[in-house]
Amino acid sequence: MYTITLIRGDGIGPEISEATLKVIEATGLDIKWEEVTAGEGAIEEYGTPLPEHVLESLRKNGIGLKGPLTTPIGSGFRSINVALRMELDLYANLRPSKTFPGVISRYEDIDLVVVRENTEDLYSGVEHMVGKDAAESIKIITRSASERIARFAFEYAVNNDRRKVTAVHKANILKLSDGLFLDVAGEVAKEYPQIEFEDRIVDNMAMQLVQKPQLYDVMVMPNLYGDILSDLCAGLVGGLGLVPGANIGARAALFEPVHGSAPKYTGQNRVNPTAMIMAAVLMLDYLGEKEAARRVENALAAVIKEGKMVTVDLGGTAKTFEMAEALAERVRG
Ligand code: NAD
């Protein structure tokens, strides 16, 4: 039996969480969900969006599944998502974007993986005003964090039969910070001669991903570029409703959709549950439950290809829960 921390999340989070639980239940795996509240819901009850017992639950279980959390703009709270990743040292953010046949997109056969460094760069929160009319945000890049994320990317490539790792940077301008990241990635690459290594400047990478995405495979990059380019990759495969993310550290891992809480769709039962279900697939793979993971993934591929029980963003008319029910039926077989 697995004990897994569950954070349903804000906005559309509860709807897609319910849908995901239904599909995972259909695998028959023995999972005890330890449910905790974070985000907007927790502010009312605990006075903070990230109560200590949420972190304790994740530390104890070492594994969690979460829906999106709203970051209130202009309030005193920084992003809870960023705080969770920092507190638990979930240093690797893995964001695969793969075409589901049947999804209407300008692109076919996309299979890209963004490996985003998750703990430093401009997300370190070192930010201050300089007088009243200027502000500084400090970009932090360290050798140790760059080395472990580069190694994560190469290990992922080796273990998942990938052929190439591309380091993405802006070392032509940020000669010290991104220069260090690139140097370290190059050093780590020498330990993996079986995997091709190359680098791209981030602006060029954005264009290349739009024009020739099939040339790329695994991409490793600092935090901010990973945040932006992973949404770009989501766009290539049909949108944010489809792509999952995993936040992985040495002692814990937290799985979530790449998208946010989409507040304008809250309670309408119309958003696509695929991203969170795919996050659960990544989680099952992480647990070594490969057979269950493939059953869920194959059910998604079949239901999406058929196109009958899919949500509005995929051109269908199904409600979130109807799509989940169709998936659960397939998983049960
Ligand atoms: P968002 O990802 O919530 O939504 C952007 C748009 O993407 C939506 O309007 C919708 O058109 C589409 N979309 C998102 N999820 C979808 C789904 N499941 N099915 C179909 N379409 C979907 O981004 P936002 O509006 O910029 O952010 C809203 C809130 O979410 C903010 O508070 C932000 O901080 C937070 N956020 C949280 C996370 C996270 O929890 N990891 C990630 C990103 C944003």
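**Close-up views of a two-domain protein model**

**View 1. Contact between domain 1 and domain 2.** In this predicted model, 19 residues of domain 1 are in contact with 22 residues of domain 2. Domain 1 is made of two stretches of the protein chain, 1-96 and 239-333, while domain 2 covers 106-237. Taken over C-alpha atoms, the centres of domain 1 and domain 2 are 24 Å apart.

**View 2. Area buried between the domains.** The size of an interface is often given as the accessible area lost when the parts come together. Here domain 1 and domain 2 bury about 1,700 Å² between them, and 58% of that area is on carbon and sulfur atoms. Of the area that domain 1 buries against domain 2, Tyr91, Leu94 and Arg95 supply 36%, more than any other three residues.

**View 3. Polar and charged pairs across the interface.** How many salt bridges does the rule find across the interface of domain 1 and domain 2? There is one salt bridge across this interface. Eight residue pairs are in polar contact across the interface of domain 1 and domain 2, with both residues of each pair at pLDDT 80 or more.

Sorted by class, the side of domain 1 that touches domain 2 has 12 nonpolar, three polar and four charged residues.

**View 4. The salt bridge of Asp89 and Arg148.** The side chain of Asp89 meets the side chain of Arg148 in a salt bridge, with an N to O distance of 2.8 Å.

**View 5. Surroundings of the ligand.** The ligand is surrounded by 22 residues, and the closest are Leu69, Thr71, Gly260, Ala262 and Asn272. Which part of Asn272 lies 2.9 Å from a nitrogen atom of the ligand? For Asn272 this is a backbone N or O atom. With Glu256, an N or O atom in the side chain is 3.2 Å from a nitrogen atom of the ligand. His259 has a polar side-chain atom that lies 3.2 Å from a nitrogen atom of the ligand.

View 6. The rule counts 27 salt bridges.

Notes
Residues numbered from 1 in each chain as written. Predicted model: local features only at pLDDT ≥ 70, side-chain atom pairs only at ≥ 80, totals over all residues. Heavy atoms only, no water. Domains from an automatic or database assignment. Contact = heavy atoms within 4.5 Å. Buried area = accessible area lost by both parts, 1.4 Å probe. Salt bridge = Lys/Arg side-chain N within 4 Å of Asp/Glu carboxyl O. Polar contact = N/O pair within 3.5 Å; in protein donor to acceptor, adjacent residues only side chain to side chain. Nonpolar A, V, L, I, M, F, W, Y, C, P; charged D, E, K, R; others polar. Near = heavy atom within 4 Å.
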